[in-house]
Amino acid sequence: TPGGELAFVTAMILDSLALRDRVRWYSSMVGKKLSLKKLLGLLREAGVQNVRTTQFAQGRTTRWGIAWSFSQAGLAEVKGAGASAHKVFGKRKMVKKRETSFS
């Protein structure tokens with residue numbers, strides 16, 4: 001793809017702005033953390049509030065997942081837990097908090 005993963009996912013984001021609620025969740029996986037950062041900035045600029053990220057690691061290879069939705073479902077729970085929906089490593093802290101609160 002000309003422009004690589006950044007151009008591809010940017011096109012997805014632009015398409016999602018036109019389609020909005022016709023799709024519940026939009027998602028992609030990227031291989032460069034810098035791409036993830038730029039995509040998160042683009043989603044913020046577009047006013048998308050419901051964004052999730054995650055990290056996949058297998059051996060020495062790391063990839064990042066990004067998903068966004070125009071639905072507000074689940075957004076209050078994430079913000080109420082004190083987690084940031086725009087930080088890849090924020091989920092890990094939230095999971096540790098949950099684990100310690102159940103013991």
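In this predicted model, Gln-55 has Trp-64 of strand S3 as its bridge partner, and this pair belongs to a stretch where S2 and S3 (residues 61-69) run antiparallel, joined by nine bridges. Trp-64 also stands opposite Val-30, a residue on the covered face of S1. The protein as a whole has four helices and three strands, and from the N terminus on its elements follow the order α-β-α-β-β-α-α.

**The sheet**

- The three strands form an open sheet in the order S1-S3-S2, with antiparallel pairing; its edge strands are S1 (26-30) and S2 (50-58), each of which pairs on one side only.
- Averaged over the sheet and with direction ignored, neighbouring strands are turned by 15° against each other.
- While nine bridges link S2 to S3, the antiparallel pairing of S1 with S3 extends over five bridges.
- In a regular strand, side chains alternate between the two faces of the sheet. In S1, Tyr-26, Ser-28 and Val-30 make up the covered face, whereas Ser-27 and Met-29 lie on the uncovered one.

**Helices on the sheet**

- Helix H1 (residues 4-19) packs on the sheet, where it touches S1 and S3, and the direction of H1 makes about 175° with that of S1.
- Helix H2 (residues 33-45) also packs on the sheet and touches S1, S2 and S3, with a direction that makes about 10° with that of S3.

**The nonpolar core**

- In soluble globular proteins, nonpolar side chains tend to be buried together.
- Here the largest nonpolar core has 14 residues, and those with the most contacts inside it are Leu-43, Ile-66 and Trp-68.
- H1, S1, H2 and S3 each supply at least two residues of this core, and the largest share, four residues, comes from H2.
- Once its neighbours within four places in sequence are left aside, Leu-43 is in contact with Ile-13, Val-48, Val-51, Ile-66 and Trp-68.

**The protein as a whole**

- Of the 103 residues of the protein, 30% count as buried.
- The protein exposes about 6,900 Å², of which carbon and sulfur atoms supply 56%.
- Among contacts between residues at least 6 apart in sequence, 64% join residues that are at least 24 apart.

Terms used. Residues numbered from 1 in each chain as written. Predicted model: local features only at pLDDT ≥ 70, side-chain atom pairs only at ≥ 80, totals over all residues. Heavy atoms only, no water. Pairing = 2+ DSSP bridges. Axes fitted to C-alpha atoms, helices over the stretch in contact; angles between N-to-C directions. Contact = heavy atoms within 4.5 Å. Buried < 20%, exposed > 50% of the residue type's maximum accessible area, 1.4 Å probe, protein only. Areas by Shrake-Rupley, 256 points an atom, 1.4 Å probe, with all protein chains shown as cover. Core = buried A, V, L, I, M, F, W, Y, C linked by side-chain atoms within 4.5 Å.
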